[in-house]
Amino acid sequence: MKKLINASDTALAESLDGFAASHADIVSLGEERKFVRRRALKPGKVALVSGGGSGHEPLHAGFVGIGMLDAACPGQVFTSPTPDQILAAIAAVDTGAGCLFIVKNYEGDVMNFEMAAEMAGSQILTVVTDDDVAVEASTWSTGRRGVAGTLVVEKIVGAAAEQNLDIAALQALGKAVNQRTRSMGVALTSCTVPAAGKPTFTLGADEMEMGVGIHGEPGRRRVRLASANAIAEEMVGAILGDLGAAGGEALLLINGFGGTPAMELYLMYNAARVLVERRGIKVTRSLVGSYVTSLEMAGCSITVSLLDDERRSLWDAPVNTAALRWGQ
């Protein structure tokens, strides 16, 4: 195992210290590193809180700031944050309008956020993201997994929260965005969790995992390596088939898993865009880069999120986080 770490059991703490120091104008680190919070809170605004296992950076801490999350709770690598982390985050960012949780559909995440909601004195509502069309259930989840579409939910709902929508309206918006957002991934290599010291799974030199999860969970099937066009065709076909869309406009997100060069991600964007627009859906907003990663895994995911005037406007609204910045 070759990684830029000092020791596997201190890697997360040292990474969080570096993250908070390098983005000190946007975020601050909570006591005992239980959460990352927005440095400047907006009184009276519903607080958005998310989190999950580390190893998916910049998700979620990289999306803390103006226009997105108020706090993110980082668990150990590929491990859910604990209820006490979530409770500490609530106490730090709730300014009186309640907290909306945005939670990826993994059993540990859902269970621990539910426990925190039951224990909190604040008003809590939840949006669970489940945008992955690859499999209906996996070793980590009951029902579909929440993957890169979570970013889209956090951005759009975060913008609406800045406009002081109430918590019920924000939850309804988050659920609507999730329902109109679908993703699918492909892995060309595995990743290595520092504590494990060896790859999570193995792929042959000419193999890929179609429909892989962001923790390296199995996808639809293991197949021979194919061209980018063929890969995009299967993924986009599955996504649009599940959305049942044949018109309108959409956001197209090509997300790298941590080990894929930007050149390849833009190549995949080109292939996917052609396929989406061939179905009569106009790509009016785009995002390409590594935003919901799986450590150093090579591969990518494709996300299509259907837009209307409201959702497009909220996507365009100003955002200032470590990973997304525009409109300021």
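A residue is called buried when its relative accessible area is under 20%, exposed when this area is over 50%, and partly exposed in between, with a 1.4 Å probe and only protein chains considered. The structure is a predicted model, in which local features need pLDDT of at least 70 and side-chain atom pairs count only at pLDDT 80 or more, whereas totals for chains, interfaces and linings use all residues. Residues are numbered from 1 along each chain as its sequence is written, and side-chain values use heavy atoms, with hydrogens and water left out.

The protein chain contains eight helices and 15 strands, where helices (H or I, at least four residues) and strands (E, at least two) are DSSP runs numbered from the N terminus. The radius of gyration of the protein chain, taken over C-alpha atoms, is 19 Å, close to the 20 Å that the globule rule gives for 328 residues, so the chain is as compact as a globular protein of that length; the globule rule is 2.2 Å times the number of residues to the power 0.38. The C-alpha trace spans about 50 × 50 × 35 Å along its principal axes, and buried residues make up 56% of the 328 residues. With contact defined as heavy atoms within 4.5 Å, 73% of the contacts between residues at least 6 apart in sequence join residues at least 24 apart.

Strand 3 (residues 47-54) and strand 6 (residues 99-104) run parallel and are joined by four bridges, and Val49 stands opposite Phe101 in strand 6.

A search of the whole structure finds 20 salt bridges, a salt bridge being a side-chain nitrogen of Lys or Arg within 4 Å of a carboxyl oxygen of Asp or Glu. In one of them, the side chains of Asp84 and Lys34 meet at 3.3 Å, N to O; Asp84 belongs to helix 2 and Lys34 to the loop between strand 1 and strand 2, 50 residues apart. Asp84 is partly exposed at 38% relative accessibility, and Lys34 is partly exposed at 21%.

Another salt bridge joins Arg221 and Glu234 (2.7 Å, N to O), linking strand 10 (residues 221-224) to helix 6 (residues 228-243). Glu234 is partly exposed, with a relative accessible area of 23%. Asp316 forms a salt bridge with Arg285, the closest N and O atoms being 2.7 Å apart; Asp316 lies in helix 8 (residues 309-316) and Arg285 in strand 12 (residues 282-289), so the pair ties together parts that are 31 residues apart in sequence. Finally, Arg38, Lys42, Lys45, Asp70 and Glu162 are linked in a network of salt bridges.

Key:
Pairing = 2+ DSSP bridges.
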